[in-house]
Each structure stands twice: as C-alpha cells, then as structure tokens.
Amino acid sequence: MSPFKIGAAALLALGLGAGVAQASEGAHMEKLDWSFNGAFGTFDRAALQRGYQVYKEVCASCHSMKYLSYRNLQDIGFSEAEVKALAAQYEVPALDEVGDPTTAKAKPSDRFHSPFPNELAARAANGGALPPDLSLMGKARVGGPDYIHALLTGYHEAPAGFVLPEGKEYNAVFPGNAIGMPKPLSDDQVTYADGTKASLEQMSRDVSTFLMWAAEPKLEDRKRAGVKVMGFLGLLTIFTFLTYRKVRRKVQGH
Amino acid sequence: MATSSSAGHDAHGSGQATRRDFLYVATVGLGAVAVGATVWPLIDQMNPAADVLALSSTEVDLSKIAEGQGITVQWRGKPVFVRHRTEKEIKEAEEVPLAELRDPETDDARVKAGKKQWLVMVGVCTHLGCIPLGQQGDYDGWFCPCHGSHYDSSGRIRRGPAPLNLPIPEYQFLSDTKIKIG
Amino acid sequence: MSSSTPFQTNSKVIKWIEARLPIISTIDGALVSYPAPRNLNYWWNFGSLAGFMLVAQIVTGIILVMHYTPHVTMAFASVEHIMRDVNYGWLMRYAHANGASMFFVVVYIHILRGLYYGSYKAPRELLWWLGIVIFLLMMATGFMGYVLPWGQMSFWGATVITNLFGALPLVGGDIVTWLWGGFSVDNATLNRFFSLHYLLPFVICAVVFLHLWALHTTKSSNPLGIEIKGDQDTVPFHPYYTAKDAFGLSVFLMFFAYWVFFNPNALGHPDNYIEANPMVTPAHIVPEWYFLPFYAILRAVPDKLGGVLAMGGAIVILFFMPYLDFSKVRSAKFRPIYKQAFWLFVLDGILLGYVGAMPAEGIWILVGRIASVYYFAHFLVIVPLISWFEKPLPVPESIAKAVLGDAAKA
Ligand code: HEM
Ligand code: FES
C-alpha cells in the first residue's frame, strides 16, 4: 500500500469520526418487544435462522462477522451436517502439499468468511466508508437491536433543505443522517427457506434478532442461571435474616 | 448482662434451642451450597474452551501416503502418526508372541479390521512425553531419543523405560482413503 | 457479660501453634471476640461488603488473566474468546466488570457513612487516611482495568486520562511519554497497565490490613459517636455481627446478581464493544460512572492545569476532614445543621455525577461550575463554620444507656 493511500484512509477515518461527533441528536427509535427481553427471554430459533439467511445473502457481501465460527450456528438450531455443508460453501486459505498457498473448504471450526481481505480493500470497495464488523453490533450501539431495526427501516427521502453529500443516503436514525450504506433491504429481498413473507419489517426484525444473538450468544444461559441464582439468594436472604433476628433477640434483647 | 451473652441461649428452653439450631444449621448449609455452586464455574473455566473442543477432530487424507511412508498430523495439539505399513512390518508385528510384550496387545487390536496396513497412533512416548523417531530402534518401529524406549512396528513398547504401548486414538474410516481422528 | 474475653483453648495443637505464631488468637480477636459497639446500624455493613468485593475482584480477575492476552492485536479478541468460548467465561467477565461498579457503590456508601457519623475524628484519623489511600488505589486499579479490554472507550479513556499529566508545568510532556512508553497509547501502555492492574489489588489488600489494624486499635465508632465505656457497651463480633453481615451480604448479592445476570452492560458503554481505533474518537468520551463527579470537576475549570489540580484536590481534601471539622460532637445525629449540610453535599455529589455524564456544553458548563464550587465550599467553608457556631444536641452518657434505656442493668 502506498503511503498516500494509507494517509488518505487515515484522514477519511478522522473525518468520519468528526462526523459522528457532530451528530448526536438521533431520531425516535422504536422500542420493540423482542422475545429475548426480560428475565425469562429466549431467542426465537426460526427468527434466528431467517436472520442468518438475511445476513448471509445480503449483509455478508460487505460486513464481516469475524468473532463467529460456523460451528456456532448449531446453537441456533442447524444440525451438525447442515453446518458442515454451510461451511463448505466457503474457501479458506490453506497450503498444498508443496507448500504453495491455495484454498480449502471451510470447516465448522473456521471463522465466518470475511468479504474483504483488509480494511483498505473494504474502504476502496465502499466509497471510502468502512462497513463495520457485525459480530458485536447488537451491543455496540445505544439501543442495540432496536437501533439496528430502526436503521434498516429508517431510509427515507431527505427532508427539504437537508444537503446529502455525494454517495450518501438519508437515514432517520443514523448519527448525522447521511449514511454510506445504500438501503440494503426492501420487500422480498430474500426468499425465506421457511416460507415466511420477506417484508422489509420482517427481515429487519429477523436480522436484528440474529445480530443480538451473535453479540450475546450466552444470553439464554445467563438469564436461566440468573433466575436460579435469584431464587436461591432469596431463600438465603430469608434464612440469614431469621438467623440474624434470632441472634439479635438473644444478644440485644429485642 | 449475663442474659445477653451468647452462651446464655440455652436458658430459654429446649424448644427454642432446637429451632435456633435448625435455623443455624439450615443457614450455614445454604451458605455452603452457595459457596459450592460458585466454586464450580471457577473450576470449570479451566477445562477446554468451546473453540478448543471444536478443533478436536482432524480429518486425514490417506491417498497420498505411499506404502512404507508415514505422516504426522496434529490432533488436539499432539502429534498423531499415520503410517502405511509394509507387508513385512505387518508380518513382524503379528508374529510377536504376546508373552514377550511388556504391555500385551495383539496387532489386530491396534488396527481396524481389513485395514491392517494403516497404523494410527498418538506419537507421544508413554514414558515422559517426548516424540519418538520413526523407522528407528531395534524393532523396525520407533525409538524415543529421550531415554531410549524402543517401539515395534505396531507401536508396542519392547525395550526401555516406557511402560505402555503408544496409544491408539479414537478414529474412524470415512472412506477407503479418509479417516477422522477424534 | 465480658465481651473481650481473651482467646482460650484446650487444644494442644492450637496451643502449639499459638506459642509460635499467634494467628488463631489474632483471627479470633478480629472476627470472633472483637468487642463491637452493640448499636451499629446497617450502614456499618458496608465495610465487610467492601472486603467481600475486594476478594471477589481478585478471584474473578485471576481467572480472567488465565484467558486474557495483553497485546493490542489480541486483547479485544481474547475478551471475546472469554465471552464466547471459555466455560462460564461470560460469568467471570460480567462479574468482574460489574463487580468493579459494586465495589465502588459499597465504598462510596462506606465513605459517606464515615462523613455522616464523624468517623474521621480523633483517634481515628489514620484509619480514615488509610481508607482514602484504598480509595485512590481503587481508582487507579479500576481505570487501568477498563483499558484492558481494548475497546474504543478503553483506548480513548486511557488517552484522555494519561494526557492529564501533560498539564504539569515543564515536565508534563515527558511524563506523558514516559507513562505511554511511546508517543501514543499503544502496546507498551497496555502491557504496563496490565501489570499494574494485577499488582495494585494486592497493594490494596496490604493497606486494608493496616486499615483493620487501626480499626482494632481504636475500635469501631458507632451511630451515637460516643466511645465505648465498658463491656456493657459492646457485644462480641460473633455471632451478632457475623449473622448481621451474612444477612447484609445476601441482600447485596441479589443487587449484584441483578446486574450480572439481567443487565450486564448497563453500567458499561456500547462503544467498548468496538475495538480500539487510534484514528477515530467516539462521540462522547465518558468515564465509568464512578469517576463522573470527579470528571465534572475536571471539566468545570477552564484551564488544563487548573482542572487537573481541582480534580486531585477534590480527593485530597478528604484527608483534611479531621481538621476541617473541629466540632466536639462526632455523630451527625446530634448535629442538626451539619446533618443538613451533609445531605446537601450528597446531592451535590450526585449532581456532579450527572453533569459529568452530560456533554460539556450550554447549561451544563454553568451547573458543573456551581456544583464544583459548592463541593469545595462544603469542605473549606461550610464544615468549619458549622463546627464553629452549631449548638449540638445533648449526647447520651453511654451506648448501653442509649440503646437499652432503663433495661440496662449495667
Ligand atoms: C480492586 C480490584 C479490582 C478492580 C476494581 C478491577 C476493575 C476492573 C475493571 C473496571 C475492568 C474492566 C472490565 C470491562 O469493562 O471489561 C477490569 C478488567 C480486567 N481485570 Fe480487573 N479489577 C480488580 C482486580 C483484578 C485483579 C486482581 C486481576 C488479576 C489478577 C484483574 C484482571 C483483570 C483482567 C484480565 C481484565 C480484562 C478482562 C475484561 O475486560 O473483562 N483485575 N478490572
Ligand atoms: S520420554 Fe521417551 S523414553 Fe523417556
């Protein structure tokens, strides 16, 4: 890479940062009633699988998810064989017998395939903007899944007087409202394997669910453990209180 | 102040004392359960993590290993010897009387039926963990340079300080030319 | 009853040990027969809770280190590895991250308890000072810990806070370079922070030991603020206060568990789930909530050095409390005016915390300045003045009299 390119990328990055810093107003973001909310919340497996399909067929052409491995998909209800087949659709770098670089079919233990080899390539292919990694997107923005859903459904005509920079689109919730990602989803963008109607709303919800799971795969374990821990601590509190009261009566006389 | 001393509680009658004892025992018991339940995650976190377990099976393509050749593959961070044995090596291994062996095991028990030419074993010396060298030693097998253990063409210990044969990992033939270890 | 019975035993083994190292009688003296005032209220639970949190942080911390990698290219990924792959890793990490917050909640209440009941007054000045030293060490530990996951907030928090030292005249720039081990926050910085983050909690343990030593020398103060006059004023620590502390711990654990299991990221910041990027600063740099009041004081002063000095001074001033407050009466219970000033001070602290979380713009600048001035005025003007003119209420003769009333047979 030429120093010029690196310098340009750095300047761009700084510029983007400044853009974000200016825009904190943010439009109204609807709070949805996700199945994974609340103390007893769980993920809807069907929604997760549909969400993965949306990610795979739409988002994955620009966004990596480098902290996920194909094997993780077993957690959302794919069988071992299905995961193997899914992984095998991708190629990963390998060496052949004589040590020359080649590629091999990905294994379930491999990380999700990234669309670009590095940041500069990603920027070059996206008009200078860097599509962020989505592994942690469910936790890396205020509002989490509500934000993702609002963003995907938030593409509108720019209001009168709003100056849209070259190559950007208007988005109601994106900080600064000028987003470098072209509207990714519209009705029937994908054909769902389970026959669900792929409306914009449906796909946005499904992929938000999927990204929340990807960011917090232990959410169900955590909440289940939490309910047990709370119940147990409640009991312990009753017993320690009764013991304390008993001791107090002996020692203090009241 | 004697009545409020902790030693004075028995003075209140045995009925009370029993309840206090039950309460006390139950509370301490619950506390012990709490500590116990907390300790398990603290221990379990040192067990192999999910990504480590995910790598715990390795597939090996046998088609490129000629007779008399062997390769070493990595499985769970350990070397596994995959050897394509010659007729002579197989014969030698089968002819050894069990009585001569320190860790008696037939050659048949160490290979898969009908696939006698393939010997698959964990390449870690059963003495103290070095990696034995192939096609060396006095028994047409392996020799461990660390403290001089000799293994035969079936990977069985014949001489030297090692107590046991080289272990056979769990593996299966996926096809005639492909095995899956682990 | 005699609450300060010296340690006795019939066991030959224990006697053998005792003759060589009096460890068992020392523990007995601290946790079993320690004569505690009989009237301690629930605000006195927070000392043992702080001790519990210190141990909890050390245990979860040591476990995190088993899986964490202190290197700029791997730190963020290793934390994700902990969260996704390590058995119960999510629990260890959430317990440690939220545990830091719980530790500060407990210690703030513990400090405020001291301010309300005048625990800093003679003969407990050293006890108080050691406590402030612990607080300072905790702040350093918490700050450096927050850098370790190497997210955006980690990186920019570290950049901003280390740059504070650049305000020092003449040597500032050199000191910052020295702290960084380079020309920006980078791998060298991460590694030294990791080393110190591991070390400081053990230094805290040592200071806690001194803190307790001083406590057992002067004995606990109490809500009435009058000294122990005899055995009738005290009860042995065990079983009364062990039972009470166990009850308090159970309640506290529910509070702690709520955050860990049901809201584990609420006290953190979403930006820290973005890997550190030295080229992009997040829109708002906000420190962890427990630093917010001090952060507000820093920003209230429109001068770099001045801000840093004010922030440092806000903590250092606590050291002078034993001399700024020269009222003869210890507990706010008998000091009607000081009591009000105390609560105003608490409100001011909360307000400062709120301002610290707001962008440094518009009205918040003014509010921050007024609240900061009030913070210092509380210590430098209000407290001394009150100790000067306030007429305290009559103080009871003894703890036993006040608590047991006529029933006191002593
Ligand atoms: C006074 C006690 C301690 C406090 C207040 C404290 C505080 C913190 C904080 C605030 C974080 C950042 C958490 C996050 O947002 O992810 C952290 C991370 C960390 N701490 Fe501590 N800590 C303490 C003791 C220790 C000890 C004794 C160790 C090691 C033996 C340790 C090891 C770590 C490690 C490895 C991390 C990075 C992993 C992570 O971010 O989750 N800590 N600590
Ligand atoms: S380790 Fe092989 S002989 Fe000792």
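**Talking through a disulfide and two interfaces**

A disulfide (a pair of cysteine sulfur atoms within 2.5 Å) joins B:Cys130 to B:Cys146, with 2.0 Å from S to S. This is a predicted model, in which local features need pLDDT of at least 70, side-chain atom pairs count only at pLDDT 80 or more, and totals for chains, interfaces and linings use all residues. Residues are numbered from 1 along each chain as its sequence is written, chains are lettered from A and ligands numbered from 1 in the order in which they are written, and side-chain values use heavy atoms, with hydrogens and water left out.

Biologist: How many residues apart are B:Cys130 and B:Cys146?

Modeller: Helices (H or I, at least four residues) and strands (E, at least two) are DSSP runs, numbered from the N terminus. B:Cys130 lies in the loop between strand 4 (118-122) and strand 5 (133-136) of chain B, while B:Cys146 lies in the loop between strand 6 (141-144) and strand 7 (149-151) of chain B.

Biologist: Is B:Cys125 buried or exposed?

Modeller: Buried means under 20% relative accessible area, exposed over 50%, and partly exposed in between (1.4 Å probe, protein chains only). B:Cys130, at 23%, is partly exposed, and B:Cys146, at 37%, is partly exposed too. B:Cys125 has a relative accessible area of 4%, so B:Cys125 is buried.

Biologist: Which residue forms a salt bridge with C:Asp85?

Modeller: A salt bridge is a side-chain nitrogen of Lys or Arg within 4 Å of a carboxyl oxygen of Asp or Glu. The count between chain A and chain C is 1 salt bridge. Its closest N and O atoms are 3.3 Å apart, and the partner of C:Asp85 is A:Arg71.

Biologist: Which helix of chain A gives the most to the side that touches chain C?

Modeller: Contact (heavy atoms within 4.5 Å) takes in 42 residues from chain A and 39 residues from chain C. The rule finds 12 residue pairs in polar contact across this interface, both residues being at pLDDT 80 or more; such a contact is a pair of N or O atoms within 3.5 Å, where within protein one must be able to donate a hydrogen and the other to accept it, and residues adjacent in sequence count only if both atoms are side-chain atoms. The elements of chain A that give two or more residues are helix 1 (3-22), helix 5 (137-140), helix 7 (200-215) and helix 8 (219-252). With 19 residues, the one that gives the most is helix 8.

Biologist: What is the area buried between chain B and chain A?

Modeller: Here 21 residues of chain B are in contact with 16 residues of chain A. Buried area is the accessible area (1.4 Å probe) that two parts lose on being put together, summed over both. Carbon and sulfur atoms give 67% of it between chain A and chain C, where the total is about 3,500 Å². Between chain B and chain A they give 68%, and the area is about 1,600 Å².

Biologist: Which residue forms a salt bridge with A:Lys84?

Modeller: The count between chain B and chain A is 1 salt bridge. The closest N and O atoms are 3.1 Å apart, and the partner of A:Lys84 is B:Glu59.
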